[in-house]
Amino acid sequence: MKVTVFGIGYVGLVQAAVLAEVGHDVICIDVDENKVENLKKGIIPIFEPGLTPLVMQNYEAGRLKFSTDAKEGVNHGIMQFIAVGTPPDEDGSADLKYVTAVARTIAEHMQGHKVVIDKSTVPVGTADRVRSVMSETLKGRNASVAFDVVSNPEFLKEGAAVSDCMRPERIVVGTDNEDVVDLLRELYEPFNRNHDRMILMDIRSAELTKYAANCMLATKISFMNEISNLAELLGADIEKVRQGIGSDSRIGYSFIYPGCGYGGSCFPKDVQALIRTSEQIGYTPRILQAVEAVNDDQKLKLPAFIKRHFGDDLKGKTFALWGLAFKPNTDDMREASSRVLMETLWQAGARVQAFDPEAMDEAQRIYGSRDDLQLMGTKEAALHNADALVICTEWKNFRVPDFDVVKNALKEPVIFDGRNLYDPERVSKRGFVYYAIGRGASVKLHN
Ligand code: UDX
């Protein structure tokens, strides 16, 4: 099947590569010439396990092409994916200018029937907007060409994007035209082999499904973070509580890990966007507001522990930081807790020596050269002569460090762990003061 994907971001590139891999003939269109030229040379703009070989194999096989020529893109596919970004505007609403620009472009060039598929996370009502932008543009051309607009949100996770997309748990399709369902079934047939994963619904329900899923997951995390604060005050251990409640199959073990807050390109943006949508229709979304507020506070938890231990003035102090990315297996630092941590430490006069297995270039790009940030080549180098160790991301190789090396390198044996990686008793026995989320030394300090 001929497919066009507008927007070579996370979602667009992964979706395009996966569709090419199962045999479709895919062209990706982006306005960024540099990105397109780089992709043709095998330079992939994002770090994502398995993506580079997938893109290269399909590019070389001629099933995956890259271009900046929008007209070529519109002529190519009957399926026209919109996978451009929807960044938050000043008030937190999703900004649809890129989505509507693509809709206009499709309508400017289309000669025959097209199925326009919203893949970007867009507020409820966007499909209607896409439809009206396209109708107006066609009217301006004096053209009468049929088209359909479908909502087909993406649920992939960074760090597992290729496998999530290859083996989706569900394929949500929102449409008001039964006739396009067969086309979508053909498109997604290779992913439906063992059992049908397609969930058909009306367009608005599909649009809301994406926000509801992300907001539900964010709610689980903020709920656990709230309970971890209670555990701390009550002298309980959140990790025991987590196991205790996770064993109830109605609750389950996944996505109930407390920590120094959720980040990334989706949860903060989508929770905020659904809050704005609610407010615009006169509804106060009390749970969502709390989810956001708890998360904002949670990102200040490690700086608060640090100030409690060392005092408010951190001039002359140096902190080793392990983990810059918002989660492991990505180089993405959007809304990462590490950023709030570093910025708070800098404000109080401290320096940071940071290490992350993948996000070093990204940190350099965001913060440039500054005296109070040193990016170190290894996790051990980051410790050298630092006053304490702070952990913001649960990368695998942070889980079993050589504690003697850590202790010898630090001026004071103190660990501030935002991801609860260690057993408090064991690290205390090794002579560390250990602050973690909802347990350990933080508990003692409160009592
Ligand atoms: C998320 C959704 O999982 C995905 O379905 C959607 O398409 C996009 O948004 P992603 O942003 O890649 O994916 O990351 P995810 O793995 O969901 O983690 C988000 C944040 O939550 C991270 O900062 C992570 O550290 C945090 N988290 C996750 C917790 O603090 N505790 C948990 O139990 C799980």
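1. A positive phi, near 95°, is found at G311, the residue that follows helix α13. This is a predicted model, and the remarks here should be read accordingly. Within α13 itself, which covers residues 301-310, the buried residues are K301, L302, P303, F305 and I306.

2. The domain assignment divides the protein into domain 1 (2-201) and domain 2 (202-447). Their centres, taken over C-alpha atoms, are separated by 33 Å. To the contact between them, domain 1 gives 24 residues and domain 2 gives 25 residues.

3. On the side of domain 1 that touches domain 2, α6 (126-140) and β7 (171-174) each supply at least two residues. The largest share of that side comes from β7, with three residues. By residue class, this side of domain 1 comprises 13 nonpolar, eight polar and three charged residues.

4. Which residues come nearest to the ligand? Among the 19 residues around the ligand, these are E158, Y257, Y262, G264 and C266. The shell around the ligand is made up of 11 nonpolar, four polar and four charged residues.

5. Both domains take part in the ligand shell: domain 1 (2-201) and domain 2 (202-447) each contribute at least three residues. Of the shell around the ligand, helix α9 (residues 203-234) provides the largest share, namely three residues.

Conventions. Residues numbered from 1 in each chain as written. Predicted model: local features only at pLDDT ≥ 70, side-chain atom pairs only at ≥ 80, totals over all residues. Near = placed C-beta within 6 Å. Helix = DSSP H or I, 4+ residues; strand = E, 2+ residues; numbered from the N terminus. Nonpolar A, V, L, I, M, F, W, Y, C, P; charged D, E, K, R; others polar. Domains from an automatic or database assignment. Buried ≥ 20, exposed ≤ 12 C-beta atoms within 10 Å, placed from the backbone. Contact = placed C-beta atoms within 7 Å.
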